[in-house]
Amino acid sequence: MDCGNTPAMWASVTFGTYICVNCAGEHRSLGADVSFVRSLLLDKWNDQQIAFMVKGGNARAKAFLPPISKIRERYTSPEARKYAAMLRKEVMEHLGITEEPQSSQSNTTQTTLDPRLRRFAGTSS
C-alpha cells in the first residue's frame, strides 16, 4: 500500500490495508491507537478485524488518503482520521455492534490465515 513492495504479509487493521514488513514496522511505530498492525500469517484475527480488511482494502484507502509519501504524516492527517472513523462506523454497522467491546484488539479467535484474507496475502496494491 505505502511503498508498493510485495509481498504484503502484514495489515493495518485500522485502515483495512495490506502492507509489507518494512511499512508494518513504520505503522507499528505510530502506535496502535493510530494504526493497529497484524501479521496475515502469524497473528490471530477476530471477526471484527477481518471485517475491517474486507470493508477496507488498499484501493479504497488510496483513493481517500492524501498522497503523502511519509507514513507518519499520511496516517496522522485529518483525512486519515476521517477515513479510519468512517471505516470503523461501517464495520460496526455491518457487524451489528452498537458499542465496541473493550477488548476488541486482543479478542482473537483465528489461528491460521482466514480464507477471507487469503486472496490479499502477498499483494500490495
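A salt bridge is a side-chain nitrogen of Lys or Arg lying within 4 Å of a carboxyl oxygen of Asp or Glu. The legends below describe a predicted model, in which local features need pLDDT of at least 70 and side-chain atom pairs count only at pLDDT 80 or more, while totals for chains, interfaces and linings use all residues. Residues are numbered from 1 along each chain as its sequence is written, and side-chain values use heavy atoms, with hydrogens and water left out.

**Figure 1. Salt bridge between E90 and R60.** The closest N and O atoms of E90 and R60 are 2.6 Å apart. E90 lies in helix α5 and R60 in helix α3, so the pair ties together parts that are 30 residues apart in sequence. Helices (H or I, at least four residues) and strands (E, at least two) are DSSP runs, numbered from the N terminus. E90 is partly exposed, with a relative accessible area of 24%, and R60 is also partly exposed, at 28%. Here buried means under 20% relative accessible area, exposed over 50%, and partly exposed in between (1.4 Å probe, protein chains only).

**Figure 2. The other salt bridges, D2 with R74 and K89 with E93.** The whole structure holds three salt bridges. In the pair of D2 and R74, the closest N and O atoms are 3.2 Å apart. D2 belongs to the segment before β1 and R74 to helix α4, so this pair ties together parts 72 residues apart in sequence. R74 is buried, with a relative accessible area of 9%. The side chains of K89 and E93 meet at 3.7 Å, N to O. Both residues lie in helix α5, four residues apart, about one turn of the helix. K89 and E93 are exposed.

**Figure 3. The aromatic cluster of F15, F64, Y75 and Y83.** Rings of Phe, Tyr and Trp (its six-membered ring) pair if their centres lie within 6.5 Å; planes under 30 degrees apart count as stacked, over 60 as edge-to-face and the rest as tilted. The structure holds three aromatic pairs. The ring centres of F15 and Y83 are 6.5 Å apart and the planes stand at 5°, so this pair is stacked. F15 sits in the loop between β1 and β2, and Y83 in helix α5 (residues 78–95), 68 residues apart. F15 is buried at 1% relative accessibility, and Y83 is buried at 0%. F64 and Y83 form a tilted pair, with 5.1 Å from centre to centre and 40° between the planes.

**Figure 4. The open sheet of three strands.** The strands are in the order β2-β1-β3, and the pairing is antiparallel. Strands β2 (17–19) and β3 (37–39) stand at the edges, each with a single partner strand, so one side of each is left without a neighbour in the sheet. Two strands pair if DSSP finds at least two bridges between them; three bridges join β1 (residues 10–12) to β3. S12 stands opposite V37 in β3.

**Figure 5. Helix α1 and its buried residues.** In helix α1 (residues 21–30), C23, A24, H27 and L30 are buried. Seen down the axis of α1, the buried residues fall within an arc of 105°, so they line one face of the helix; the arc is that of the directions from the helix axis to the C-beta atoms. On the other side of α1, V21 and N22 are exposed. After α1 comes G31, whose phi is positive, near 100°.
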